[in-house]
Amino acid sequence: MSKAMRQMLGQPGRVGVAHGEAVRDPISDEANDPPREHPHTGSAKQLTGTGGLLEAALTRQNLQAAWKRVKANKGAAGVDGLDIEQTAQVIRQRWPEIRQALLQGRYRPSPVRKVLIPKPDGTQRELGIPTVTDRLIQQALLQVLQPLIDPTFSEHSHGFRPGRRAHDAVKAARAYVQSGKRVVVDVDLAKFFDRVNHDILIDRLRKRIDDAGLIRLIRAYLNAGIMDGGVVVDRHLGTPQGGPLSPLLANVLLDEVDKALEARSYCFARYADDCNVYVGSKKAGERVMAYLRKLYTGLKLQINEAKSAVVSAFGRKFLGYALWVAKGREVKCKVAEKPLNNFKARIRQLTRRSGGRSMAQVVEKLRPYLLGWKAYFGMAQTPRVWRELDEWLRHRLRAIQLRQWKRPRAIYRELKALGASEDVAKQVAGNCHRWWRNSNGAIKRVLTIAYFDQLGVPRLS
């Protein structure tokens, strides 16, 4: 904790119960059975003993944990243009005033800054970046609210929850299909985060917590405008992605649908606004789809009919994965076609032969992307695909290396230095202008798998 934050948090005030940072539980890799049914259905009962939550969120211990998390996440500046360190200096001077405004209900959050993030399919995802001060306050609220609200959520909900991840949802889907439910009701909500109805969300939140000051503050964050091109636009719908509270609020709203599905004993898995329901026939799937339309309409949400369907579970993408049947009728996971194509496109971009970069620089850019992709898609049960991707990647890297050496004499000299035989060095150097073809021939005896391991290129297989 920086000196600025220690001074900021050392202000007198009412002492509440500090829940501290919401630490994730260890994540289990085992999910062989479908998730168990939630014991309760319908709306969650209002949690007892939740008064004074705002005071608890503003305790020294909780704010220290919140600041540590915000600082670790880094992130861009908001509309005020202040980064983490600059905000710390401002808060050191103004924290008593900010804290008093928060407790008295006078605090007004700054508008969020609109940022458009390009998606692999060419479209853009809209983010709303709060100021660092507002991210700190939201994180402090999250750390108090999450331990109270999260246990009331459905066991079928896996997104943005402590101790849960996308892999759990995929494993649950695989278990349902393995049990014989081979038709999926795949529901895609149209611009969910942009269409969240504030009144409905606040109503559902009030049923869970009893703290008027905290509810008022969350309403203020929902109503904070969004700055687009230097102009602040009022916002009456939506909870833009980018703030710490947004995922929790989304789960509060969608939990009503989860509980309704549980009441009818449906098999489903939800991750944020991605929900798949697994049934035994297409006719049953059509009934579920009609029921979901009714539920989402009640929340004033809209299903994207073009992307939603009742289809076979095999080959249908869910969180980047698809399912297939192996020998013995075992259902397994693989990387879906679209993310696999996106991966190849990104690798081509990172390994352009005309980049003018050294091999070390190429590997430096490549390594974090490969490690991140492997960590997420490592659950795919397709060894042959992994081997082929590894071979394709090394092929591209060898082509880069040949292009960098360029001239026959340089290629010959470098290969000899790496221990190549006279014949191999001459053969590769003699075909120096055929970069792609030459990089998949005799040079493989020199630029081996071990060579790329030594450079730090991660293996996917």
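The legends below describe several close-up views of one predicted model, taken in turn from its sheet, its helix pairs and some single residues.

Residues are numbered from 1 along each chain as its sequence is written, and side-chain values use heavy atoms, with hydrogens and water left out. Because the model is predicted, local features need pLDDT of at least 70 and side-chain atom pairs count only at pLDDT 80 or more, while totals for chains, interfaces and linings use all residues.

**View 1. An open sheet of four strands, in the order S6-S7-S3-S8, with antiparallel pairing.** Helices (H or I, at least four residues) and strands (E, at least two) are DSSP runs numbered from the N terminus, and two strands pair if DSSP finds at least two bridges between them. The edges of the sheet are formed by strand S6 (267-271) and strand S8 (309-312), each of which pairs on one side only. From one strand to the next, the twist averages 20 degrees, where axes are lines fitted to C-alpha atoms, for helices over the stretch in contact, and angles run from 0 to 180 degrees between N-to-C directions.

**View 2. Strand S3 and its two partners in the sheet, S7 and S8.** Strand S3 (residues 183-188) pairs with strand S7 (residues 274-279) in the antiparallel sense over six bridges, and S3 also pairs with S8 in the antiparallel sense, over four bridges. Val185 stands opposite Val277 in S7, and the bridge partner of Val185 in S8 is Val310. For Val184, the bridge partner in S7 is Tyr278. Strand S3 is mostly covered, since five of its six residues are buried, where buried means under 20% relative accessible area, exposed over 50%, and partly exposed in between (1.4 Å probe, protein chains only).

**View 3. Helices H6 and H11 against the strands of the sheet.** Helix H6 (residues 166-178) lies across S6 and S7 and runs at about 160 degrees to S6. Helix H11 (residues 282-298) packs on the sheet and touches S3, S7 and S8, a contact being heavy atoms within 4.5 Å. The direction of H11 makes about 25 degrees with that of S3.

**View 4. The crossing of helices H3 and H5.** Two packed helices are described by the angle between their axes and the distance between the axes. The axes of helix H3 (residues 60-73) and helix H5 (residues 132-149) come within 8 Å and cross at roughly 120 degrees. That angle makes H3 oblique to H5, because angles under 35 degrees count as roughly parallel, over 145 as roughly antiparallel, 65 to 115 as roughly perpendicular and the rest as oblique. H3 passes H5 in a right-handed crossing; a crossing is left-handed if the near helix is turned anticlockwise from the far one by less than a right angle, and right-handed if clockwise. On the side of H3 the contact is made by Asn62, Leu63, Ala65, Ala66, Trp67, Arg69 and Val70, and on the side of H5 by Val132, Arg135, Leu136, Gln139, Ala140, Gln143 and Val144. By class, the contact of H3 with H5 has nine nonpolar, three polar and two charged residues, where Ala, Val, Leu, Ile, Met, Phe, Trp, Tyr, Cys and Pro count as nonpolar, Asp, Glu, Lys and Arg as charged, and the others, Gly among them, as polar.

**View 5. Helices H15 and H16, roughly antiparallel to each other.** The axes of helix H15 (residues 408-417) and helix H16 (residues 422-430) come within 8 Å and cross at roughly 150 degrees, and H15 passes H16 in a right-handed crossing. Pro408, Ile411, Tyr412, Leu415 and Lys416 of H15 meet Glu422, Ala425, Lys426, Val428 and Ala429 of H16. The residues of this contact divide into seven nonpolar, no polar and three charged.

**View 6. Two lysines with positive phi, Lys74 and Lys191.** Lys74, although not a glycine, has a positive phi of about 60 degrees, and this residue lies in the loop between H3 and helix H4 (84-104). Lys74 is exposed, with a relative accessible area of 60%. For Lys191, phi is near 45 degrees, again a positive value in a residue other than glycine, and Lys191 lies in the loop between S3 and helix H7 (192-195). Lys191 counts as exposed at 58% relative accessibility.

**View 7. Arg403 in helix H14 (residues 383-405).** Arg403 counts as partly exposed at 35% relative accessibility. Not counting residues up to four places away in sequence, Arg403 touches Arg353 and Trp435. The C-alpha atoms of Arg403 and Ser354 are separated by 8.4 Å, with these residues 49 residues apart along the chain.
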